Amino acid sequence: LEFGNAHMHLDLKPQKTLAHLASLDPAQLDDASFAPLLTQDRSGVQLVLGANAPEDAELVTVPLVQHGIDRLRAAADYVVVDTPSTFSQQVLAALDASDGIALVAEPHLASLEATKDWIGVLEKLSYPRERVLVVLNRTTQSGLETDQVTRFFNRRPDVVVPFTPVFDEAADRGRPLVVLRPENAAAKVMRDLAAQLTVLAPAGR
């Protein structure tokens with residue numbers, strides 16, 4: 001919440017965020033108050049930002065997170081929540097509302113250990129293993145081989161995103177890789193990831 005930057009990857013500049021609703025009584029939160037938070041990308045994707053300044057993140061309470069997810073689920077086929085790698089109450093609320101989780105790890109020990117800890121906590125929370133996708137994101141040309149990662153997790157990654165410098169270009173230009181370079185190998189893998197997520201969370205569920 002403090003340093004969310006999803007809007008930069010879409011070259012969007014939201015004027016209103018969830019934090020702006022903090023002053024309203026929960027009974028006042030309706031479609032009219034929520035609509036200004038939606039910013040639409042030219043691809044059709046709509047974005048809701050938690051806060052646009054680090055100091056405003058504390059205004060985004062658990063009820064606000066739950067309200068935002070409920071509003072989006074009622075209006076959209078799919079809702080993707082980009083959470084930080086923490087188990088804050090806001091993140092737990094998003095997990096509780098989710099149909100599936102994609103854990104993204106880099107093929108380096110520090111990232112793999114953090115992801116393994118996440119898997120362990122989700123098991124303790126009795127989150128179904130079959131609803132957790134492990135995504136290995138090769139952000140560099142180095143790193144452990146996929147077989148080594150498989151042994152580390154005691155499960156094979158569900159998706160392996162190959163390294164491509166075009167990711168940085170897409171981020172700097174504020175365009176999704178699948179739009180900017182649809183034939184790129186990594187873009188094809190991202191579409192496969194999207195397909196797997198739609199199996200976990202059928203449209204309109």
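Guide: In helix H5, the residues Leu 112, Thr 115, Trp 118, Ile 119 and Leu 122 are buried, where buried means under 20% relative accessible area, exposed means over 50% and partly exposed lies in between, found with a 1.4 Å probe on the protein chains only. These five cover an arc of only 115 degrees around the axis, which puts them on the same side of H5; the arc is that of the directions from the helix axis to the C-beta atoms. This is a predicted model, in which local features need pLDDT of at least 70 and side-chain atom pairs count only at pLDDT 80 or more, while totals for chains, interfaces and linings use all residues. Residues are numbered from 1 along each chain as its sequence is written, and side-chain values use heavy atoms, with hydrogens and water left out.

H5 itself covers residues 109-124. Its 16 residues reach 22 Å from the first C-alpha to the last, close to the 22 Å expected at 1.5 Å a residue, the expected span being 1.5 Å times one less than the number of residues.

On the other side of H5, Leu 109, Ala 110 and Lys 124 are exposed. Lys 124 counts as exposed because its relative accessibility is 73%, and its C-alpha atom is separated by 35 Å from that of Leu 37, 87 residues apart along the chain.

What, then, covers the buried residues of H5? The cover includes helix H4 (89-97), strand E3 (101-105), strand E4 (132-137) and helix H6 (146-153), and the term behind this is contact, meaning heavy atoms within 4.5 Å.

H6 deserves a look of its own. Its buried residues are Thr 146, Val 149, Thr 150 and Phe 153. Seen down the axis of H6, they fall within an arc of 105 degrees, so they line one face of the helix. They pack against E3, H5, E4 and strand E5 (159-161), which brings us back to the helix where we began.

Now follow the chain past the end of each helix. H5 is followed by Ser 126, whose phi is positive, near 60 degrees, in a residue other than glycine. Ser 126 lies in the loop between H5 and E4, and it counts as exposed because its relative accessibility is 61%. Just after H6, Asn 154 likewise takes a positive phi of about 60 degrees, and this residue too is other than glycine. Asn 154 has its place in the loop between H6 and E5, and with a relative accessible area of 67% it is exposed.

Rolling a probe the size of a water molecule over the atoms shows where empty space is left. On a 1 Å grid over the protein atoms alone, a cavity is a set of points where a 1.4 Å probe fits but cannot get out, and its lining residues have an atom within 4 Å of a point. Grid points are joined across faces, edges and corners, and a volume is the space filled by probe spheres set on the points. By this rule the count comes to 1 cavity of 30 Å³ or more, and the largest cavity has a volume of about 50 Å³.

Which residues line the largest cavity? They are Ile 119, Leu 122, Glu 123, Tyr 127, Arg 129, Val 132 and Arg 155. The largest share of this lining, 3 residues, comes from helix H5. By kind, the lining divides into 4 nonpolar, no polar and 3 charged residues, where Ala, Val, Leu, Ile, Met, Phe, Trp, Tyr, Cys and Pro count as nonpolar, Asp, Glu, Lys and Arg as charged, and the others, Gly among them, as polar.

Definitions and conventions. 1 Å grid on protein atoms, 1.4 Å probe; cavity = no way out; pocket = protein on both sides within 12 Å on 5 of 7 lines; lining within 4 Å. Helix = DSSP H or I, 4+ residues; strand = E, 2+ residues; numbered from the N terminus.
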